[in-house]
Amino acid sequence: MDDAFRAGASAAERGVWAEIHWWSQAEGDILEQELFANRKRLADGVEVPAG
């Protein structure tokens, strides 16, 4: 679905692509931080309480 906006024919479609790209980048950064934290916990042997 994202690729449909990549080469947008109008300014609105290009704006949608820019928003999608920004969101994907921000979400990727958050997931990388969570992954790093989980790997660190695993390496440190720390259990995260449920809840």
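Author: A residue is called buried when its relative accessible area is under 20%, exposed when that area is over 50%, and partly exposed in between, using a 1.4 Å probe and counting protein chains only. In this chain of 51 residues, 6% count as buried. The model is predicted, so local features need pLDDT of at least 70 and side-chain atom pairs count only at pLDDT 80 or more, while totals for chains, interfaces and linings use all residues. Residues are numbered from 1 along each chain as its sequence is written, and side-chain values use heavy atoms, with hydrogens and water left out.

Reader: How many helices and strands does the chain have?

Author: Helices (H or I, at least four residues) and strands (E, at least two) are DSSP runs, numbered from the N terminus. Here the chain comes to 2 helices and 0 strands.

Reader: What span does helix 2 reach from its first C-alpha to its last?

Author: The expected span of a helix is 1.5 Å times one less than its number of residues. Helix 2, with 34 residues, reaches 49 Å, which is close to the 50 Å expected, and G45, whose phi is positive, near 75 degrees, follows helix 2.

Reader: Which residue forms a salt bridge with K40?

Author: A salt bridge is a side-chain nitrogen of Lys or Arg within 4 Å of a carboxyl oxygen of Asp or Glu. The structure holds 1 salt bridge, in which K40 pairs with D44, the closest N and O atoms being 2.8 Å apart. Both residues lie in helix 2, 4 residues apart, about one turn of the helix.

Reader: Why does K40 count as partly exposed?

Author: K40 counts as partly exposed because its relative accessibility is 45%.
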